[in-house]
Amino acid sequence: MAPLDESDYLGALDLLTLDPDSPTVEGVGVEGQQVTSTARPWIYGPTVVGTGVTVKRVQDTAVAGQLALVVYVTEKLPQSALSADQRVPGSVKVPGDQAIVTDVVAIGDIVPEVNTGSTRPLLPGYSVGSIDDGTGTGTLGAFVARVDEPGVPLILSNSHVLARSGLAPGGTNVVQPGKVDGGGTGEAVGTLVEAVPFDFTPGFNTLCDAAIARLDPSQPFDPTIPGIGRPTYDPTVACAVGMQVQKTGRTTGHTIGVIRDVHFRTKLTYPKPGGGSGSVGFSEQVLCSRYTAPGDSGSLVCDMSGRAVGLHWSGSQSASIFTPITFVFDALRIQLA
Amino acid sequence: MTASSDPILRALDQYGEQLQDLPGVQGVGADSAGLVVYVEDADVVGDSIPPEVTVRGEHGVETVVAVRVEVIGTITPE
């Protein structure tokens with residue numbers, strides 16, 4: 001019999017992890033059902049967090065030419081802590097009388113990689129929000145400065161992140177991380193300076209959902225965006241359909257999207273300064289494939305060379321939307337710090 | 001932004017808000033093929049979105065611009 005290769009192991013992995021939520025396994029024959037049913041107690045054992053196929057390792061040394069179906073666990077438990085059917089066998093026979101070698105590797109808990117924690121120095125791409133708004137947590141997009149005050153660093157994000165959609169008064173504390181992520185008065189890093197007002201009149205008369213906060217001079221910061229680098233700005237860079245863009249955000253970290261529409265217009269409901277709410281029409285926005293999630297609002301969107309092209313602010317189940325950065329810079333009279 | 005001589009962008013200016021205000025429409029846009037109407041759910045909009053619109057140019061020349069529908073779900077600030 002020929003030695004087993006990677007495709008044999010991947011086939012075995014597919015079989016053993018087939019329909020984990022189904023009480024019975026269909027379409028794999030009697031022998032396949034038997035193998036799958038027998039494997040379930042150990043392949044979904046008490047501390048198992050994943051499975052895969054890779055080179056077999058013994059005492060952290062790779063065994064040349066030997067593949068293994070790997071069961072990843074948070075920690076290795078003593079055999080006595082497991083029932084007989086939960087113990088991972090040294091090998092498992094699959095249909096065709098093939099013996100698939102196994103391995104157990106401890107990797108700890110798997111958690112989503114999100115930028116929700118406190119960072120000092122402050123970094124773009126991490127959680128930020130207004131102290132005045134329990135739900136307004138988003139992403140610190142970039143460090144910027146007024147064009148006529150280049151030495152004073154400011155935080156750039158969305159109005160609905162830093163300014164309670166324009167309702168928070170100037171001077172309101174901005175906290176890192178945002179309130180949803182545990183930020184409180186002790187985590188204040190700056191104060192709201194300005195939010196671009198929304199236009200509630202009919203039509204598409206609003207260009208951005210953006211705000212800036214003055215950074216507390218005692219707060220160290222690093223303008224380098226994790227996963228992207230220090231952003232630059234080139235006003236000649238134009239967004240185009242099919243172009244890849246990247247961002248690093250509070251919820252999904254560093255991700256890449258593709259532009260689908262550069263003339264996108266939409267209307268969303270925002271709270272009105274005098275009370276109640278109203279429809280705000282946005283024009284000339286950029287619609288992309290879905291590469292963000294709630295909490296990523298305020299992320300600086302860059303092209304794949306790290307040049308700033310937009311400010312992420314909204315999304316749907318299958319799309320993410322950013323405002324061209326030129327609109328934001330012009331509206332707030334700012335530039336990258 | 002005012003549309004240029006591009007009939008598709010003129011159509012976006014002329015019909016964009018009307019299309020946007022139809023029930024279930026989440027946004028409007030344009031590409032080289034015509035207008036795009038982004039909807040929450042195809043079943044909600046039904047037949048309310050026309051397959052094409054007509055715009056008139058500077059010299060009265062009419063141009064038919066195609067309208068495409070894309071389902072994107074519900075847009076919210078993130």
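Select the open sheet of chain A, whose eight strands follow the order S6-S5-S9-S10-S11-S8-S7-S18 with antiparallel pairing; strands here are DSSP runs (E, at least two residues) numbered from the N terminus, and two of them pair if DSSP finds at least two bridges between them. This is a predicted model, in which local features need pLDDT of at least 70 and side-chain atom pairs count only at pLDDT 80 or more, while totals for chains, interfaces and linings use all residues. Residues are numbered from 1 along each chain as its sequence is written, and chains are lettered from A and ligands numbered from 1 in the order in which they are written.

At the edges of the sheet, colour strand S6 (138–139) and strand S18 (334–336) of chain A, each of which has a single partner strand, so that one side of each is left without a neighbour in the sheet.

Next, select strand S9 (residues 173–175) and strand S10 (residues 188–195) of chain A, which run antiparallel and are joined by three bridges; Val174(A) stands opposite Gly190(A) in S10(A).

Now show chain B as well: 29 residues of chain A are in contact with 20 residues of chain B, contact meaning that C-beta atoms, placed from the backbone, lie within 7 Å. On the side of chain A that touches chain B, strands S13 (253–271), S14 (277–289), S16 (308–315) and S17 (319–324) of chain A each give two or more residues, and the largest share, seven residues, comes from S13(A).

Finally, select S16(A) together with strand S5 (residues 76–77) of chain B, which pair in the antiparallel sense over two bridges; the bridge partner of Gly315(A) in S5(B) is Thr76(B).

Key. Helix = DSSP H or I, 4+ residues; strand = E, 2+ residues; numbered from the N terminus. Contact = placed C-beta atoms within 7 Å.
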